[in-house]
Amino acid sequence: AHEAMSQASKRVCPHCSQEYQKSDGCNKIRCKCGGLSCYLCSQKITGYDHFSGAGATCQLWTNTDVMAQIDRDRRHAAGRKVLLDAGVSDE
């Protein structure tokens, strides 16, 4: 469960599968491979359309406290899944 929880807060580039973790800045990520993606949903993107205008799905900027909560939630869900898959109830 610990390993799954650790992996849950890492992101993977959808272009080259390189792992990365953001410490600050906007949610438009440019990987070392040159590919652009959204840090929040990991979708491949081409620019800022993903963050603004009609059909925008994610925010360009996220408060660091909000990002910390998102990462905590992802780690909790990953750990819970491992335990449930192993037959351990959380009740």
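User: Leaving aside neighbours within four places in sequence, which residues is Asn27 in contact with?
Analyst: Lys22, Ser37, Cys38, Tyr39, Leu40, Phe51, Gln59, Leu60, Trp61, Thr62 and Met67. Contact means heavy atoms within 4.5 Å. One caution: this is a predicted model, where local features need pLDDT of at least 70, side-chain atom pairs count only at pLDDT 80 or more, and totals for chains, interfaces and linings use all residues. Residues are numbered from 1 along each chain as its sequence is written, and side-chain values use heavy atoms, with hydrogens and water left out.

User: Is Asn27 buried or exposed?
Analyst: Asn27 counts as buried, because its relative accessibility is 0%. The cut-offs: buried is under 20% relative accessible area, exposed over 50%, partly exposed in between (1.4 Å probe, protein chains only).

User: And where is the place of Asn27?
Analyst: In the loop between strand 2 and strand 3 (28–30).

User: Back up a bit. What pattern does the protein chain follow along the sequence?
Analyst: α-β-β-β-β-α. That comes to two helices and four strands. Both are DSSP runs numbered from the N terminus: helices are H or I with at least four residues, strands E with at least two.

User: How many of the 91 residues count as buried, as a percentage?
Analyst: 29%.

User: Which residues make up the largest nonpolar core?
Analyst: Six of them: Cys13, Tyr20, Ile29, Cys31, Tyr39 and Met67. A nonpolar core here is a set of buried Ala, Val, Leu, Ile, Met, Phe, Trp, Tyr and Cys residues joined through side-chain atoms within 4.5 Å. A second, separate core has five residues, including Leu36, Cys38, Ile45 and Cys58.

User: What does Met67 touch, not counting residues up to four places away?
Analyst: Arg11, Lys22, Asn27, Tyr39, Leu40 and Thr62.

User: How many aromatic pairs does the structure hold?
Analyst: One. The rings of Tyr20 and Tyr39 have centres 6.1 Å apart and planes at 50 degrees, so the pair is tilted. Rings of Phe, Tyr and Trp (its six-membered ring) pair if their centres lie within 6.5 Å; planes under 30 degrees apart are stacked, over 60 edge-to-face, the rest tilted.

User: Which parts does that pair tie together?
Analyst: Tyr20 is in strand 2 (residues 19–20), and Tyr39 is in the loop between strand 4 (36–38) and helix 2 (64–85), so the pair ties together parts 19 residues apart in sequence. Both tyrosines, Tyr20 and Tyr39, are buried.
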